[in-house]
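Student: Could you take me slowly through the salt bridges of this model, and tell me what they join and how covered their members are?

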Amino acid sequence: MTRPAIRIDRAAADFFPGYFAVAMATGALSIAAHLLQIEAIARAFFYINVAAYLVLFGLLLVRIIRHPHRLVADMHSHSRGPGFFTLIPGTCILGAQMQIIAHSPLMADMLLGLGMLLWVVVMYWFFIAVIVHPRKPSLRNGINGSWLLASVATHSLAILCTLVEWPGAWRTLALLAALCLFLVGGMLYLVIIPIIFYRLTFVALDVTLLSPPYWINMGAMAIATLSGAGLMLTLPHVPSLSDFLPFIRGITLFMWASATWWIPLLLGLSAWRYLIARHPLRYDPQYWSIVFPIAMYTAATARLGEALAMPALLVLPHLSLWAALAVWIGTAIGMLTARRNQRAQGSPSND
């Protein structure tokens, strides 16, 4: 094998399952900018996301072909397995960009089909694998915020179902599916978050285990808000489903309030980790799990303000967009610096 081929093979072998969070974060930032009518940022991050998604998907395909045993081992892992759920929102968020930014319905349809397939495979493979696993880790080591990616994945599929243009009676069926996915995503959050909260409050948690995926506690509620707001704007045009609107309004506001509640707590925990406990701030692929929630909260708040006809809500996303952009840039610089250092040292990449 040539040296570039060896590098690609090593990168695929060590490919972190949750690296599609790069596509999630970049796409969410693009959509947030589009909703706030900052089209230069929206289009720039759309093109970045297309490139990132193609690279990540290429590495995944190489891993499936060349290192299937490692992929299966990761899928059966309580700690690494949830990372595979990033495949679904990474795909569906790119599909949403194709629909609303690139105006490419065909690509949006194709990505929706891929997202549906990935949702079925990853959702049931992972949960069956961890349920029947003969040796299970302790609660301390076995669960973190990344488990909520199951809820994030489900809501991302609901969002794309709502955005895609459906002909005739198919539109009603698609919106019914989106409504059901919205409810299933909420169910998954309510099942998983009590275990995570219990772990945070009653199980000893050192600084190394308070990892960035805990920001998904907020991000899962943010994307749920975006999903609900999309339904609020769409269902009034579908008489057979419009009776659900009062319920959707209430639960969507509940989700947005929950996402907002998490932000000060997560900021406080992050301050404790890095400023008080002095945990070193070194690049880790999991830092993309911080970028995505902030960008998604921005998009969700903008969309909720539109759905509730409350322009005052737009003050928040106009502030949080720049925070999301700053965190994205910082994380991207960290990723590129880590890659450069690894190449200089001649060591295989874990990115």
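Tutor: A salt bridge here is a side-chain nitrogen of Lys or Arg within 4 Å of a carboxyl oxygen of Asp or Glu. The model is predicted, so local features need pLDDT of at least 70 and side-chain atom pairs count only at pLDDT 80 or more, while totals for chains, interfaces and linings use all residues. Residues are numbered from 1 along each chain as its sequence is written, and side-chain values use heavy atoms, with hydrogens and water left out.

The structure holds six salt bridges, and one of them pairs E306 with R303, whose closest N and O atoms are 3.2 Å apart. Both residues lie in helix α12, three residues apart, which is about one turn of the helix; helices are DSSP runs of H or I with at least four residues, numbered from the N terminus. Taking buried as under 20% relative accessible area, exposed as over 50% and partly exposed as in between, with a 1.4 Å probe and protein chains only, E306 is partly exposed at 45%, whereas R303 is buried at 17%. Elsewhere, salt bridges that share partners join R63, D74 and R80 into one network.

As for cover, D74 is buried at 8% and R63 is buried at 2%, while R80 is partly exposed at 30%.

Technical notes
Helices (H or I, at least four residues) and strands (E, at least two) are DSSP runs, numbered from the N terminus.
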